[in-house]
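Please keep the sequence and the structure in view while reading.

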Amino acid sequence: MLSFFRKKVVVIKRKDHCISRKNIDHDAVKVLYRLSRAGFRAYLVGGGVRDLLLGRQPKDFDVGTDARPNEIRRLFKNCFLIGRRFRLAHIVYGKKIIETSTFRTTPDATHCGDDKIQRNDNTFGTPEEDANRRDFTVNGIFYDISDFSVIDYVGGLKDLKKKIIRTIGNAADRFQEDPVRMMRAIKFASRLEFKIERSTRAALVKHHSDILKASPPRVCEEIFRLFSFGAAERAFRLLYETGMMR
């Protein structure tokens, strides 16, 4: 089992944070409430929470839950399960998809090859374990629909305040597990105008050539994402400075 990044959990009550349901996509709110009323935990997760806390309008609203994929499908007639390595529920409203995933834990070493790349990610876990297997601290913050609190297991709130992109856990390990995370670090740093934390940046420089181990379609997708949101120049500079441009 890979090391667990333990931080003291921070819970921010509704009166002490800026997230409002009126700023969350109404279909995402419907998904959250239906899961919660069915007796499951239902959290807004990932970049949507990060952007709402920064006062930005999120592009996507993703949901995390302790409901298993088949339980999600039974609750929603408009749900389709996708993926093999990572089983996801896509809940469809017209042209919109609310991506809903079951909380997961980090797979043990038997699910990884000699190169550390994860090839199986369907080991279900707790909300804390799910937060710890995410890529960067600022993406590991949750919003709980049951009491409208913000939950932070990984120190993401502090890094948001400092405007820092930091991996959850050891940066070298996280980049070797999934080399595309290096491109995502550059994307978030350039788009949000954040700095990449020192040890995270050092690992990126050291392991930049591992991007050749990632699948070309995923790399291509991330390249397109690098040059949107008016952040192309900053992204190019970071690619050059870290050696990724090669």
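The expected span of a helix is taken here as 1.5 Å times one less than its number of residues. In this predicted model, helix α7, which covers residues 180-192 and has 13 residues, reaches 18 Å from its first C-alpha to its last, close to the 18 Å expected.

- Helix α7 is mostly covered, since twelve of its 13 residues are buried.

**Packing of α7 against α10**

- Two packed helices are described by the angle between their axes and the distance between the axes.
- For α7 and helix α10 (residues 232-242), the axes come within 9 Å and cross at roughly 140 degrees.
- Angles over 145 degrees would count as roughly antiparallel and those from 65 to 115 as roughly perpendicular, and α7 and α10 are therefore oblique to each other.
- The crossing of α7 and α10 is right-handed.
- On the α7 side the contacts are made by I186, A189, S190 and R191, which meet R234, A235, L238, L239 and T242 in α10.

**Aromatic pairs**

- The structure holds six aromatic pairs, one of which joins F136 and F188, whose ring centres lie 6.0 Å apart with the planes at 80 degrees, so that this pair is edge-to-face.
- This pair links distant parts of the chain, because F136 sits in the loop between α4 (127-132) and β7 (141-144) while F188 belongs to helix α7, 52 residues apart.
- Both partners are buried, F136 with a relative accessible area of 0% and F188 with a relative accessible area of 5%.
- The rings of F142 and Y153 form another edge-to-face pair, with their centres 6.4 Å apart and their planes at 70 degrees.
- F142 lies in strand β7 and Y153 in the loop between β8 (149-152) and α5 (156-162), so the pair ties together parts that are eleven residues apart in sequence.
- F142 is buried, with a relative accessible area of 0%, and Y153 counts as buried at 12% relative accessibility.
- Ring pairs also link F142 and Y153 with Y43 and F103 into a cluster.

Definitions and conventions:
Residues are numbered from 1 along each chain as its sequence is written. This is a predicted model: local features need pLDDT of at least 70, side-chain atom pairs count only at pLDDT 80 or more; totals for chains, interfaces and linings use all residues. Side-chain values use heavy atoms; hydrogens and water are left out. Helices (H or I, at least four residues) and strands (E, at least two) are DSSP runs, numbered from the N terminus. Buried means under 20% relative accessible area, exposed over 50%, partly exposed in between (1.4 Å probe, protein chains only). Rings of Phe, Tyr and Trp (its six-membered ring) pair if their centres lie within 6.5 Å; planes under 30 degrees apart count as stacked, over 60 as edge-to-face and the rest as tilted. Axes are lines fitted to C-alpha atoms, for helices over the stretch in contact, and angles run from 0 to 180 degrees between N-to-C directions. Angles under 35 degrees count as roughly parallel, over 145 as roughly antiparallel, 65 to 115 as roughly perpendicular and the rest as oblique. A crossing is left-handed if the near helix is turned anticlockwise from the far one by less than a right angle, and right-handed if clockwise. Contact means heavy atoms within 4.5 Å.
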